[in-house]
Amino acid sequence: MDGIKYVVFTEKSIRLLGNNQYTSNVESGSTRTEIKHWVELFFGVKVIAINSHQLPGKGRRMGPIMGHTMHYRRMIITLQPGYSILPLIEKRKEFK
């Protein structure tokens, strides 16, 4: 599970939970097949599809020097009907 950094909880990601889709940020070098294999192995679910997009790093200033954070990749993982990732659903209920 080294490739998956953390789960994302935005308005869109919470809305996608109703469609059995889970959103998480992953390492930039991770491929879709690696993430699919990790999710299926670790959570014991069946993955239908994985959509991914690259998000740009943000600018950060330290005094007169302008730097930036690293870019990262976000993946939306769609599971087969009947499967769910319980720790993520319980985390969602805490935010309500």
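Two strands count as paired if DSSP finds at least two bridges between them. Helices (H or I, at least four residues) and strands (E, at least two) are DSSP runs, numbered from the N terminus. The views below come from a predicted model, in which local features need pLDDT of at least 70 and side-chain atom pairs count only at pLDDT 80 or more, while totals for chains, interfaces and linings use all residues. Residues are numbered from 1 along each chain as its sequence is written, and side-chain values use heavy atoms, with hydrogens and water left out.

**View 1. An open sheet of four strands.** Follow the strands in the order β1-β2-β6-β3, with antiparallel pairing. β1 (4-7) and β3 (47-55) are the edge strands with a single partner each, so one side of each has no neighbour in the sheet.

View 2. Three bridges link β1 to the antiparallel strand β2 (residues 21-26). Which residue in β2 is the bridge partner of Ile4? It is Val26. Helix α2 (residues 32-43) packs on this sheet and touches β1, β2, β3 and β6 (72-79); its direction makes about 130 degrees with that of β3.

**View 3. The largest nonpolar core.** Such a core is a set of buried (under 20% relative accessible area, 1.4 Å probe, protein chains only) Ala, Val, Leu, Ile, Met, Phe, Trp, Tyr and Cys residues joined through side-chain atoms within 4.5 Å. This one has 13 residues, and those touching the most other members include Ile35, Val39 and Ile77. β2, α2, β3 and β6 each give two or more residues to the core, and β6 gives the most, with three. Beyond its neighbours within four places in sequence, Val39 has contacts (heavy atoms within 4.5 Å) that include Ile4, Gly44 and Ile85.

**View 4. A hairpin made by β4 and β5.** Four bridges join the antiparallel strands β4 (residues 59-62) and β5 (residues 65-68). Gly59 faces His68 in β5. Two residues lie between the strands, and Gly63 in the turn has a positive phi of about 70 degrees.

Methods:
Axes are lines fitted to C-alpha atoms, for helices over the stretch in contact, and angles run from 0 to 180 degrees between N-to-C directions. Buried means under 20% relative accessible area, exposed over 50%, partly exposed in between (1.4 Å probe, protein chains only).
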